[in-house]
Amino acid sequence: MSGAPEVRPAGGEGPRAAPGQPAKVAHVVLSLNVGGLERVVLRLLERTARDRFAPIVCALEEPGALAEELARLGVPLVVLPRRPGLDPGLPVRLSAWLRREGIRLVHTHNPGPHLYGALAAGLARAARLPGGGGPRVIHTKHGRNYPKQKRKVLVNRLAAALTDRVVAVSDDARAVALEVERVDPAKVVTILNGVDTDVFRPGGAGAARARLGVPASGYHVGCVARLSPEKDHATLLAAFARLREVRPDAHLTLIGDGPLRSALEEQAARLGLGGAVAFTGTRGDVAELLPAFDVFALASLTEGISLTLIEAAAAGLPIVATRVGGNPEIIEEGSTGLLVSPGAPETLAAALEAVAVRDDRAAMGERGRARVIERFGLDQMVRAYEELYAEVLGG
């Protein structure tokens, strides 16, 4: 694969912005495929004040399925391909691109882009560009990033040493940064992920169920997550089979796609769930579909802070989720949802049944939405990043 960057569309500014022009901010990602991290990046791009900051996205693998949205946002996309394995030449190529574009701030998302982006920015600063010292670096730590794998911890520690600020999206991610990766506490800040509570809101259950093609009545359990091992849909299916023994009117909808879809469909068939489980694949209308559910369930083995949980709470749904990562920061135990141990289908089934019979089930969802409005608003997130950008850039 060629190391030359693919640009879509081409940037229109020169290498250095004139006084008074917005500062160029490069968001470095692997791709913009479907996922919570990618949706956070897109919403940040959508709301960033363009009179202050001019964003551009640099993907190190491929554009990804969500990249088409960049055209609507008017944000340029550059694909600078990473060679398989460790690519020692990528920081050099990326640094050259940063200098050509006159990038003032590099905002990286997750470990691979963090390492390459921080090294590239360091090389650009070493070049001592006229009119400035080269780009600064902010990194968002969207998850726990394998705290038990020593090699990855060391790589994260090295990248953090070359970074001005490390943003943790949850208190759990912050603890990993400080206690495991030993990042300088002065560098670590917490900015919670945010969602648009005008888009994700309650109402329209009947229309949502018709849209999904699921029964209009009954107890509906929903989950939005990639069908991959860390989300542990196998435990959710096992729990749902137990739930059906006491709630034969229960229906489960799994929104999302991934490498385990065939295996999960086979598991559902073996459990005799038949038409009680719907696999919808990836959907672009999740906000319109969430009101179809009576409860949102997430069986993840690990999480940073789940964007889908925040969206579900914003839609007024009570939640049953595993007590991992940042999930307890979203769910108030007993008030807005129930937390269970991971990998325990019996406990998960019991929690789903408990929510089904609660008299205050609707009130649980209302309290969850109020919590999202208070702590996880999209504008709150964007303003916090803009303030951080200004601080790192010196005003």
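This is a predicted model: local features need pLDDT of at least 70, side-chain atom pairs count only at pLDDT 80 or more; totals for chains, interfaces and linings use all residues.
## Overall dimensions

Along the principal axes, the C-alpha atoms of the protein chain fill a box of roughly 70 × 40 × 40 Å. The chain contains 15 helices and 14 strands. Of its 395 residues, 55% count as buried.

## Strand E9 and its covering

Strand E9 comprises residues 219-224 and is mostly covered, since 6 of its 6 residues are buried. In a regular strand, the side chains alternate between the two faces of the sheet. In E9, Tyr219, Val221 and Cys223 belong to one side, while His220, Gly222 and Val224 belong to the other. Both faces are covered, as the residues on each of these sides are all buried.

## Partners of strand E9

With which strands does E9 pair in the parallel sense? One partner is strand E10 (residues 250-255), which is joined to E9 over 6 bridges in the parallel sense. Within this pairing, Val224 stands opposite Ile255 in E10. Between E9 and E10 the chain passes through helix H8 (residues 233-246), and this β-α-β crossover is right-handed.

Another partner is strand E12 (residues 295-298), and here too the pairing is parallel, over 2 bridges.

Leu119, Leu158 and Leu162 make a nonpolar surface patch of about 220 Å². One of these residues, Leu158, lies in helix H5, which spans residues 150-161.

Is Leu158 buried, partly exposed or exposed? Its relative accessibility is 46%. Buried means under 20% and exposed means over 50%, so a residue in between counts as partly exposed. Leu158 therefore counts as partly exposed.

## Gly35 in a loop

Where does Gly35 lie? Gly35 is found in the loop between strand E2 (23-29) and helix H1 (36-47). With a relative accessible area of 16%, Gly35 is buried, because the cut-off for a buried residue is under 20%.

Gly35 and Thr322 are 287 residues apart along the chain, and their C-alpha atoms are separated by 19 Å.

Technical notes:
Residues are numbered from 1 along each chain as its sequence is written. Side-chain values use heavy atoms; hydrogens and water are left out. Patches are made of residues with over 30% relative accessible area and no salt bridge: like charges are joined within 9 Å, nonpolar side chains (Val, Leu, Ile, Met, Phe, Trp, Tyr) within 5 Å. Accessible areas come from the Shrake-Rupley method with a 1.4 Å probe; for residues, only the protein chains shown count as cover. A salt bridge is a side-chain nitrogen of Lys or Arg within 4 Å of a carboxyl oxygen of Asp or Glu. Helices (H or I, at least four residues) and strands (E, at least two) are DSSP runs, numbered from the N terminus. Buried means under 20% relative accessible area, exposed over 50%, partly exposed in between (1.4 Å probe, protein chains only). Two strands pair if DSSP finds at least two bridges between them. A crossover is right-handed if, with the strands pointing away from the viewer, the path from the first strand over the helix to the second runs clockwise.
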